Amino acid sequence: MTVTQHDLAVPNTRSHSRGGRNFEKTSWIFMRASGLVLVILVLGHLFIMNILDGGVQRINFAFVAGRWSSPFWQVWDLTMLWLAMLHGTNGLRVIINDYAQSGKTQFWLRGVLYTASAATIILGTLVIFTFDPNLA
Ligand code: HEM
């Protein structure tokens, strides 16, 4: 079956940006820029963790401990976490604006999205910086 644009729900047409035009423009540019950086970070991550040098079989606590003893990989993983979360959250923010009908639904969906996103960013950041290799 071929999906055409007529099969898709029509997005909301009224303007819903609170920050004004500049915020939506910055957000548009951010999606493209973060997408480009994510291609490098995610493909690099995939290649190094899952393909190179024995791939996924060699990943264990010692491997992670060795990797995170280097500031380079800490910054790599931190950037990947923040960019993927902000990119994904901003993408879902736009989808909520486009498709949630009532203001109340938008409010609650945004609340769940921002809470889950903030929790994931904070927990992930804490794990990268407070990881203790002597736990094992
Ligand atoms: C790997 C490289 C990635 C590239 C090149 C990329 C690129 C893009 C671009 C250009 C958009 C904007 C589309 C538009 O405005 O119409 C977008 C939207 C989006 N991206 Fe990504 N992205 C990547 C990774 C991710 C990741 C890791 C996530 C999830 C964490 C994600 C979630 C989303 C979501 C939810 C949207 C909104 C979809 C929509 O507007 O229909 N993307 N992506």
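# Close-up views

**Figure 1. S70 is partly exposed, with a relative accessible area of 22%.** Here, buried means under 20% relative accessible area, exposed over 50% and partly exposed in between, with a 1.4 Å probe and protein chains only. The model is predicted, so local features need pLDDT of at least 70 and side-chain atom pairs count only at pLDDT 80 or more, while totals for chains, interfaces and linings use all residues. Residues are numbered from 1 along each chain as its sequence is written, and side-chain values use heavy atoms, with hydrogens and water left out. S70 belongs to the loop that runs between α2 and α3; helices are DSSP runs of H or I with at least four residues, numbered from the N terminus. The C-alpha atom of S70 is separated by 21 Å from that of A84, 14 residues apart along the chain.

Figure 2. H87 itself is placed in helix α3. The side chain of H87 also has an N or O atom 2.8 Å from a nitrogen atom of the ligand, within the 3.5 Å limit for a pair of N or O atoms in a polar contact; within protein, one atom must be able to donate a hydrogen and the other to accept it, and residues adjacent in sequence count only if both atoms are side-chain atoms.

**Figure 3. The shell around the ligand draws on α1 and α3.** The residues with a heavy atom within 4 Å of the ligand are M31, R32, G35, L38, V39, A84, H87, G88, G91, L92 and I95. Helix α1 (21-50) and helix α3 (71-99) each supply at least two residues of this shell. The largest share, six residues, comes from α3. By class, the shell has six nonpolar, four polar and one charged residues. In this scheme Ala, Val, Leu, Ile, Met, Phe, Trp, Tyr, Cys and Pro count as nonpolar, Asp, Glu, Lys and Arg as charged, and the others, Gly among them, as polar. R32 places a polar side-chain atom 3.3 Å from an oxygen atom of the ligand.

**Figure 4. L38, L41, W76, M80 and L83 form the largest nonpolar core.** A nonpolar core is a set of buried Ala, Val, Leu, Ile, Met, Phe, Trp, Tyr and Cys residues joined through side-chain atoms within 4.5 Å. Both α1 and α3 supply at least two residues of this core, and α3 gives the most, with three residues. W76, a member of the core, touches I40, L41, G44 and H45, not counting residues up to four places away in sequence; contact means heavy atoms within 4.5 Å.

**Figure 5. F47 is a partly exposed residue of the model, at 42% relative accessibility.** F47 has its place in helix α1. The C-alpha atoms of F47 and L83 are separated by 19 Å, and the two residues are 36 residues apart along the chain. L83 is one of the residues of the largest nonpolar core.

**Figure 6. The loop between α1 and α2 holds D53 and G55.** D53 is exposed, with a relative accessible area of 64%. The phi angle of D53 is near 55°, a positive value in a residue other than glycine. G55, by contrast, counts as buried, at 2% relative accessibility. Leaving out residues up to four places away in sequence, G55 touches M49 and N50.

**Figure 7. R67, in helix α2, counts as buried at 9% relative accessibility.** Helix α2 covers residues 61-67. The contacts of R67, not counting residues up to four places away in sequence, are H45, M49, W73 and D77. M49 is also touched by G55, and H45 is also touched by W76.

**Figure 8. T125 lies in helix α4, which covers residues 103-130.** T125 counts as buried, at 18% relative accessibility. With residues up to four places away in sequence left out, T125 touches L78, L81 and W82.
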